[in-house]
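User: I would like to understand the terms used for this structure and what each one rests on. Could you take me through them one at a time?

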Amino acid sequence: MQKSYYDLLGIEKSASPDEIKKAFRVMAHKFHPDKKGGDEKRFKEVSEAYAVLSDDKKRAEYDAYGRVFSGAGGGGGASSAYGGGGGSTEGWDFNGFGQGTGVEFDLGEIFSDFFGNTRAGGTSRPARGRDISIDVELPFTESIFGTERRVLIAKTSTCKTCHGSGAKPGSPLSTCKTCNGKGKIRENRRSIFGSVQTVRACEDCRGSGQVASESCAHCRGAGVVRGQEEVVVRIPAGIENGEVIRLNAMGEAVKGGSSGDLYVKVHVGKHPFFRKESSNLVMDLTVKLSSALLGDEYTVKALDGEIIVKIPQGIRHGEILRVRERGVPVSQHERGDLLIKISIGLPNKLSKEAKKLVEELKKEGI
Ligand SMILES: [Zn+2]
Ligand SMILES: [Zn+2]
């Protein structure tokens, strides 16, 4: 099992954002691959840890579910780890930085945040729909090779007729009455600092200042409709029991804002013969005493077809045979191994004939 993000950064689970930042700064300088004695693998690990723990939403998600995989919302790419890249910061080059870990974050964003580049300082957040979480049961074999699941979810979705605008397609526009066509609404609020004026985008016209004169017939102007939607969830090969896949923007829709996310928690069933140990599959095989003494061949039913296994002469109880590349797919071109744990079966009863033969063996000192 992988170390927790907290362990990677050497901090407590209760660490404050400041402590997280400090710990990461130390680790990033220590492990940066451009430095002497740097360690690219460690650097990636601490970067991933920081990317998640420095983001309130992702941190809460991590605390609740552990590592979350980015599923393809609406058919996008499977993961965008190290996305953006952001070129160089302090002469550090993040391009060409290895394959995705399956966890999504944007290094460029981390470092611009870290070294004080200004980010768009939007203070008022747009509305966001609720997140939805569902559970999916998965047979063991499908968890090993990955699969696709279609799930039917009852939720509020963006209206497909008006694409969320609430306006009848093609209807003429008129000035928004709520904001008098300004697109913005100013509000004076009293606070401990005195009267504060805030400006927010008008919800009715979504900041455009204009509204349709006729409402969409399908959603009656709501922009969203409640109903059932089929969602395709791509489950990556080698997913562990309890891991979670996030599908961006596949949660509840809300008018004039962004949709929430859909979290799919995967429950992997047990297999009667196989277990998963990181990228390896492990199984037990009982061979006859004579096979162990003389060597033999056994046909084994792996998850993806039969394999002929050579039992070497003199194999011992508990020894492990390794069949390369028949374990869990790690990438398109790489698989873990199948490990076959050998036990030697002893007969419950010996026939007269067999007993005689064993007596002979005994004389041989076996
Ligand atoms: Zn509509
Ligand atoms: Zn308006």
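Analyst: The largest nonpolar core has 31 residues, and those with the most contacts inside it are L9, F24, V46, A49, Y50, I245 and V264. This is a predicted model, in which local features need pLDDT of at least 70 and side-chain atom pairs count only at pLDDT 80 or more, whereas totals for chains, interfaces and linings use all residues. Residues are numbered from 1 along each chain as its sequence is written, and chains are lettered from A and ligands numbered from 1 in the order in which they are written.

User: What makes a set of residues a nonpolar core?

Analyst: The name is given to a set of buried Ala, Val, Leu, Ile, Met, Phe, Trp, Tyr and Cys residues joined through C-beta atoms within 7 Å. The most is given by α3, with seven residues. Another core, of seven residues, lies apart from this one and has C159, A167, C216 and V224 among its members.

User: Which residues does F24 touch, and what makes that a contact?

Analyst: Two residues are in contact if their C-beta atoms, placed from the backbone, lie within 7 Å. Not counting residues up to four places away in sequence, F24 touches L9, V46 and Y50.

User: How do you know that the length of α3 agrees with that of a helix?

Analyst: Helices (H or I, at least four residues) and strands (E, at least two) are DSSP runs, numbered from the N terminus. The expected span of a helix is 1.5 Å times one less than its number of residues. For the 14 residues of α3 (residues 40-53) that span should be 20 Å, and the end C-alpha atoms are 20 Å apart, so the two agree. Among the buried residues of α3 are F43, V46, A49 and Y50.

User: What makes two strands a pair, and where does β12 pair in the parallel sense?

Analyst: Two strands pair if DSSP finds at least two bridges between them. Strand β4 (residues 132-138) and β12 pair in the parallel sense over seven bridges, and the bridge partner of S133 in β12 is Y263. Four bridges join β11 to β12, and these strands run antiparallel, with L247 opposite L262 in β12.

User: Why are β13 and β17 called edge strands?

Analyst: Four strands form an open sheet in the order β13-β14-β20-β17, with mixed pairing. The edge strands are β13 (274-277) and β17 (320-323), each of which pairs on one side only. Strand β14 (residues 280-288) and β20 pair in the parallel sense over eight bridges, and T286 has S343 as its bridge partner in β20. Between β17 and strand β20 (residues 338-345), which run antiparallel, there are four bridges; here I320 stands opposite K341, and L321 stands opposite I340.

Conventions:
A residue is buried if 20 or more other C-beta atoms lie within 10 Å of its own, exposed if 12 or fewer, and partly exposed in between; C-beta atoms are placed from the backbone.
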